[in-house]
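User: I would like to go through this structure term by term, asking for each label what value stands behind it.

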Amino acid sequence: MKKISVCINLDTLALGSGWKMPLFQDPTYRLVDERLVSRLEKAGMKAILFAVGRDLELAANRGFIEKWSQAGHEIGNHTYSHPLNLSSLTRHEIEIEIEKTDIEIKKITGKKPIRFNAPGWALTPAIDRALLDLGYTVDYSPFLSWWIYPLLVKQWWSLWGEKIASTVWRRRDIFYPLKLTEKHLKCDEGLTKIPLPTVNPFSIPVWHTGWFIFGEKIFPRLLKSAMKDNPEFYYLMHPADVIEINDIPAGFGDKVIFERLNISLRDKIKYVDLTLKLLV
């Protein structure tokens, strides 16, 4: 039987958008719990939820992490400050990003995380070394497709005018997706690397955002093909997949970084339910 994991990157809306939204006003964790985790549980599925350490400064968010962990979901590490240029940081800075979140998650769940997903799918030997030294066994960061480049352009353009925009391109691993091979993913010391699944012949990446790019006629076929072709398959989701513009607190909705926030909640929930039917 194929091993399938549902992964959720818990990037809060304020973190990913450039909005100056106070953490206590950000609805991300509550809405992920109501609209996504609850549906996974009804389907009998468990998830790996990758938390950003600084989001755990809020007691309410820590409460959700504790709740999900007690329900049998696994909590992974998505760095402490979500730097889009993780690959350009020093080895010491990378270790701090990972270890600070380690400490926060372990304080909440009593368990040290062993799974990691880097912001922007960063991938360098320095990150590998830091993960190994900190006891990690699985890294979901590799993005082995040229599609990453239009995505980075879109992210850079959307963040134009924000300080973090320049960090989108400030990375040492900018060419690794062009290798399109798993050879460089091998790590002999116990770190398993699982790339975002792709579908040939054009290395089309398959994750939940595909519903909003390819539509209901094409994306289900891509998902089925990816499940068939990838020996260890994981399905990546994001809070914006279940949040709409009306969920944004008043005064912060004038700048929409994630266009799919304008998709109706009814359609988004339909996509989640269709996905779960295909995955189960």
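Analyst: Let us begin with Thr-79, which counts as buried because its relative accessibility is 0%, and buried means under 20% relative accessible area, exposed over 50% and partly exposed in between (1.4 Å probe, protein chains only). Please keep in mind that this is a predicted model, in which local features need pLDDT of at least 70 and side-chain atom pairs count only at pLDDT 80 or more, while totals for chains, interfaces and linings use all residues. Residues are numbered from 1 along each chain as its sequence is written, and side-chain values use heavy atoms, with hydrogens and water left out.

User: Where is Thr-79 placed, and what is the value of its phi?

Analyst: Thr-79 sits in the loop between strand 3 and helix 4, where helices (H or I, at least four residues) and strands (E, at least two) are DSSP runs numbered from the N terminus. Its phi is near 75°, which is a positive value in a residue other than glycine. Most residues other than glycine have a negative phi, and most peptide bonds are trans.

User: Which residues is Thr-101 in contact with, leaving aside its neighbours within four places in sequence?

Analyst: Thr-101 of helix 4 is in contact with Ala-51, Gly-53, Asn-77, Thr-79 and Tyr-80 when those neighbours are left aside, contact meaning heavy atoms within 4.5 Å. Thr-101 is called buried because its relative accessible area is 0%. The side chain of Thr-101 also reaches the backbone nitrogen of Gly-53 at 3.5 Å.

User: Why is helix 2 called roughly parallel to helix 3?

Analyst: Helix 2 (residues 28-42) and helix 3 (residues 59-70) pack at an angle of about 30°, with their axes 9 Å apart. That angle makes helix 2 roughly parallel to helix 3, since angles under 35 degrees count as roughly parallel, over 145 as roughly antiparallel, 65 to 115 as roughly perpendicular and the rest as oblique. The axes are lines fitted to C-alpha atoms, for helices over the stretch in contact, and the angles run from 0 to 180 degrees between N-to-C directions. On the side of helix 2 the contact is made by Tyr-29, Arg-30, Val-32, Asp-33 and Val-37, and on the side of helix 3 by Asn-61, Phe-64, Ile-65, Lys-67 and Trp-68.

User: What makes the pair of Glu-74 and Arg-115 a salt bridge?

Analyst: The closest N and O atoms of Glu-74 and Arg-115 are 2.9 Å apart, and a salt bridge is a side-chain nitrogen of Lys or Arg within 4 Å of a carboxyl oxygen of Asp or Glu. This pair links distant parts of the chain, with Glu-74 in strand 3 (residues 74-77) and Arg-115 in strand 4 (residues 115-116), 41 residues apart. Glu-74 counts as partly exposed because its relative accessibility is 27%, whereas Arg-115, with a relative accessible area of 13%, is buried. The structure holds 16 salt bridges.

User: How many residues apart are Lys-107 and Glu-104 in helix 4?

Analyst: Lys-107 and Glu-104 are three residues apart in helix 4 (residues 91-109), so about one helical turn separates them. Their side chains meet in a salt bridge at 3.3 Å, N to O, and Lys-107 is exposed because its relative accessible area is 59%.

User: Which side chain is joined to that of Thr-209 by a polar contact?

Analyst: A polar contact of 3.0 Å joins the side chain of Thr-209 to that of Trp-207, the term meaning a pair of N or O atoms within 3.5 Å, of which, within protein, one must be able to donate a hydrogen and the other to accept it, while residues adjacent in sequence count only if both atoms are side-chain atoms. Thr-209 counts as buried because its relative accessibility is 12%.
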